[in-house]
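Open the model in your viewer and keep the selection panel at hand. Each stop below says what to select next and what is there.

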Amino acid sequence: MQEVQETMTDSGTVSTPGTAGARAENPAALANEKPVKIKSRDVNVFYGEAHALKHVDLDIRQHEVTSLIGPSGCGKSTYLRCINRMNDVIDGCRVEGSIEMDGEDVYDPKLDVVQLRARVGMVFQKPNPFPKSIYDNIAYGPRIHGIGSTKSEMDEIVQGSLQRAGLWEEVKDRMDTPGTGLSGGQQQRLCIARAIAVNPEVILMDEPCSALDPIATAKIEELIDELRQNFTIVIVTHSMQQAARVSQRTAFFHLGILVETDETEQIFTNPKDQRTQDYITGRFG
Amino acid sequence: MGISVILLVMLGLTVAGYLLGTRQALVVTGHNPHQLHSLPSYHGLYLASWVLLPALIVMAIWLIAEPHVAELRLVANLPDGFSQRSFDEQRLLIGDIQARALGGIVSGALDPAFQAAGEAYAGTLAASRWVMIAVMLALMVGGGLIALRQVRPDMRARNRVEKTASVIMIVASTIAIMTTVGIIFSLLFETGRFFSKVPITEFLFGTQWSPQIALRADQVGSSGAFGAIPLFAGTLLITLIAMCVAVPIGLFSAIYMSEYAGKRVRASAKPVLEILAGVPTVVYGFFAALTVAPFFRNTGESIGLTVSSESALAAGIVMGIMIIPFVSSLSDDVMNAVPQSLRDGAYALGATKAETVRQVILPAALPGIVGSVLLAVSRAVGETMIVVMAAGLAANLTANPLEAVTTVTVQIVTLLVGDQEFDSAKTLAAFALGLTLFFVTLCLNVIALNVVRKYREKYD
Ligand SMILES: Nc1ncnc2c1ncn2[C@@H]1O[C@H](COP(=O)(O)OP(=O)(O)OP(=O)(O)O)[C@@H](O)[C@H]1O
Ligand SMILES: [Mg+2]
């Protein structure tokens with residue numbers, strides 16, 4: 001607890017304006033600022049017989065970073081994969097309840113998964129660049145969605161994505177070399193660039209920094225903070241400090257249940273639930 | 001006493017040595033095994049190897065040397081007239097004497113002088129056997145006693161047993177390697193003899209293959225032609241047809257199994273496909289000769305094509321079916337080795353299954369797939385039985401798959417079947433063909449293995 005507060009006050013990247021004191025004066029103003037982008041109601045997920053996610057109601061707001069925290073196996077990744085329907089590929093996985101994006105049901109049988117995934121990008125825990133050139137890695141998404149038909153358009157998209165991911169300066173002279181030859185942190189930024197190349201509305205990140213060193217992590221956190229201007233971001237993280245640094249909202253999961261969700265500061269300074277309190281003070285998890 | 005009895009006795013003594021060593025290890029420590037450096041069983045093994053190995057080595061050397069030494073003594077004992085005979089006669093006579101002495105079939109009656117020499121020969125062999133048994137017994141008991149006296153609590157029996165085991169393994173692998181080297185050298189040697197009779201340029205660049213050699217000088221068609229090009233062209237043609245069948249079918253079934261099939265389908269379909277690899281090639285051969293080839297001939301006739309009853313097409317297609325599992329099983333493995341995270345990455349970008357397979361999985365698995373195809377090619381090139389039965393023996397230089405062709409392996413078989421002089425150009429040609437084929441498949445295998453290895457490094 002002590003440590004968390006310290007990092008929050010020390011860190012320049014905390015983007016929520018004001019301190020806990022300032023917030024207390026005007027509690028309602030921040031909470032209602034942004035419209036809801038993704039609305040989940042009574043979401044249940046089963047892997048075969050196992051009930052992995054139980055009755056989750058969660059609102060994710062536009063142009064905010066929402067972080068999902070909780071002990072290992074509590075269902076954070078499972079919830080994340082519900083949003084872009086990556087659970088469809090898993091044998092024996094069943095999703096119930098409703099998830100709406102901009103009022104449209106994501107699980108509507110008439111909805112095209114390909115289009116959904118063009119609107120909801122994903123970055124994984126382990127950087128997974130394709131064994132292709134850096135250029136082709138970025139161009140892959142636009143190509144399958146038919147964006148950027150001419151060479152110059154494509155060049156523009158590739159350069160723009162790399163610039164927004166803060167990787168352009170490092171790789172601009174080696175666009176033809178394989179993406180797998182980059183360092184771990186560069187690979188992860190390449191994957192972020194690949195995700196934003198199709199210009200999605202939402203980006204899902206599943207522990208994007210867990211395989212990276214502190215410097216690369218800091219770069220990615222900075223990047224996430226910038227991307228917030230244009231994208232809605234949901235990030236799973238095991239680092240409380242990271243959640244505090246990058247997110248405006250935090251949802252705490254425990255044993256498949258969404259225990260508590262609130263503004264990040266509120267969760268870390270004044271959690272309502274005892275389990276949340278125990279988790280962020282490191283008493284379990 | 002027969003060799004099998006000797007081996008049984010050795011086995012018994014070795015087991016006894018093991019038990020003795022185990023017990024002795026306990027005895028020297030006063031039944032307190034904690035004082036031992038190595039476990040009692042290692043002391044047992046150590047003693048057992050002292051009992052077994054020296055005796056085994058001596059026996060091997062003895063059995064190899066015995067016939068030669070005995071024969072030298074036999075020749076020394078023969079009457080004077082012997083050395084005046086020709087070499088062939090000498091060989092024949094010695095063979096007769098040996099056969100008579102050991103109770104085999106003899107070509108005619110023997111001179112009494114030779115008879116006596118034969119009896120002496122048999123005596124030598126019997127005596128030698130008994131001396132060998134005595135020496136071996138002495139070695140086993142002596143070795144056992146030496147090792148027994150070394151059993152002490154601080155003796156590093158484990159390390160010594162490990163060392164012995166590694167030496168035994170080195171010897172085993174050396175034998176395997178030496179055999180390969182020996183085969184290559186004998187091929188090289190015989191091929192050299194062939195090229196002293198037929199110029200190497202004729203062999204490599206000649207387009208005429210009819211390996212007839214006259215038995216008498218005045219025979220018709222006495223000069224053979226040894227141009228290997230028709231054979232290699234035939235091999236190439238059949239391999240090409242086979243790959244046209246095996247690569248698409250094998251690759252598509254591999255894609256289906258690794259990407260589309262559910263767990264249960266995969267678990268049953270894969271073994272079934274692999275059964276194809278277990279069918280003996282003779283079975284494929286008569287399937288090709290009795291079913292496929294007549295089918296093509298009849299179909300060809302009905303649409304006005306002349307298809308010979310033994311055609312490259314029939315052999316190639318059946319061979320292709322035979323090597324499907326080589327392509328499918330290996331490609332399936334390499335596609336499964338493509339990390340799931342790459343698939344997830346593609347799906348998360350909105351790629352469909354087919355796009356993911358085509359644009360991500362196949363390129364990532366390509367080196368492995370190429371490797372599996374090359375292995376299948378070398379398998380097809382070396383295949384004999386199907387071609388013997390279905391493609392015929394006529395060495396036609398043609399690219400028409402409806403005609404009969406022949407392959408390198410088939411010609412090797414036909415060159416060596418039947419009564420032949422062993423040093424005629426005809427038989428020696430088989431070695432030249434074998435060496436060339438060996439060289440080609442070796443290159444293919446080396447390339448394939450390198451490609452596959454390069455692929456492995458990428459993801460491990
Ligand atoms: N493919 C699957 N098949 C079966 N069960 C699964 C599968 N994926 C996850 N689960 C189960 O669902 C539960 C939630 O898993 P999930 O991966 O969502 O946890 P998590 O919160 O992301 O954990 P971590 O922090 O370790 O990544 C776990 O009990 C897990 O065992
Ligand atoms: Mg997870």
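**Salt bridges**

Select A:Arg275 and A:Asp273: their side chains meet in a salt bridge, with an N to O distance of 3.2 Å. Bear in mind from here on that the model is predicted. A:Arg275 has a relative accessible area of 34%, so A:Arg275 counts as partly exposed. Side chains of opposite charge can pair when their charged atoms come close. Over all chains, the structure holds 26 salt bridges.

Go to chain B and select B:Arg152 with B:Asp154. Here the side chains form a salt bridge at 3.9 Å, N to O. B:Arg152 is partly exposed, at 46% relative accessible area, whereas B:Asp154 is exposed, at 57%.

The next selection is B:Arg379 and B:Glu383, whose side chains meet in a salt bridge of 4.0 Å, N to O. Is B:Glu383 buried or exposed? Its relative accessible area is 6%, and the cut-off for buried is under 20%, so B:Glu383 is buried. B:Arg379 is partly exposed, with 31% relative accessibility. Return to chain A for a network: A:Lys37, A:Asp102, A:Glu104, A:Arg119 and A:Glu201 are joined by salt bridges that share partners.

**Chain A as a whole**

Select chain A and switch to a cartoon view. Chain A contains 13 helices and 10 strands. Of its 285 residues, 53% are buried. Take the contacts in chain A between residues at least 6 apart in sequence: 68% of them join residues at least 24 apart. With the surface turned on, chain A shows about 12300 Å² of accessible area, and carbon and sulfur atoms account for 48% of that.

**Ligand 1**

Now select ligand 1 and the residues around it. There are 13 such residues, and A:Ser72, A:Lys76, A:Ser77, A:Thr78 and A:His238 come nearest. Which helix gives the most to the shell around ligand 1? That is helix α4 of chain A (residues 76-83), with 4 residues.

- A:Thr78: an N or O atom in the side chain is 2.5 Å from an oxygen atom of ligand 1.
- A:Gly75: a backbone N or O atom is 3.0 Å from an oxygen atom of ligand 1.
- A:Tyr47: an N or O atom in the side chain is 3.4 Å from a nitrogen atom of ligand 1.

On its own, ligand 1 has 630 Å² of accessible area, and the protein covers 61% of it.

**B:Thr235**

Move to chain B and select B:Thr235, which sits in helix α7 (residues 229-260). B:Thr235 has a relative accessible area of 7% and is therefore buried. Leaving out residues up to four places away in sequence, B:Thr235 touches B:Val381, B:Thr406, B:Thr407 and B:Val408. Its side chain reaches the backbone nitrogen of B:Val408 at 3.2 Å.

**A nonpolar surface patch**

For the last stop, show the surface of chain B and select B:Val282, B:Val283, B:Phe286, B:Phe287, B:Leu290 and B:Met385. They form a nonpolar patch on the surface, and together their accessible area is about 500 Å². Helix α9 of chain B (residues 281-302) supplies the largest share of the patch, 5 residues. B:Met385 belongs to helix α13 of chain B (residues 385-390). B:Met385 has 32% relative accessibility, so B:Met385 is partly exposed.

Notes:
Residues are numbered from 1 along each chain as its sequence is written. Chains are lettered from A and ligands numbered from 1 in the order in which they are written. This is a predicted model: local features need pLDDT of at least 70, side-chain atom pairs count only at pLDDT 80 or more; totals for chains, interfaces and linings use all residues. Side-chain values use heavy atoms; hydrogens and water are left out. Patches are made of residues with over 30% relative accessible area and no salt bridge: like charges are joined within 9 Å, nonpolar side chains (Val, Leu, Ile, Met, Phe, Trp, Tyr) within 5 Å. Accessible areas come from the Shrake-Rupley method with a 1.4 Å probe; for residues, only the protein chains shown count as cover. Helices (H or I, at least four residues) and strands (E, at least two) are DSSP runs, numbered from the N terminus. Buried means under 20% relative accessible area, exposed over 50%, partly exposed in between (1.4 Å probe, protein chains only). Contact means heavy atoms within 4.5 Å. A residue is near a molecule or strand if one of its heavy atoms lies within 4 Å of it. A polar contact is a pair of N or O atoms within 3.5 Å; within protein, one must be able to donate a hydrogen and the other to accept it, and residues adjacent in sequence count only if both atoms are side-chain atoms.
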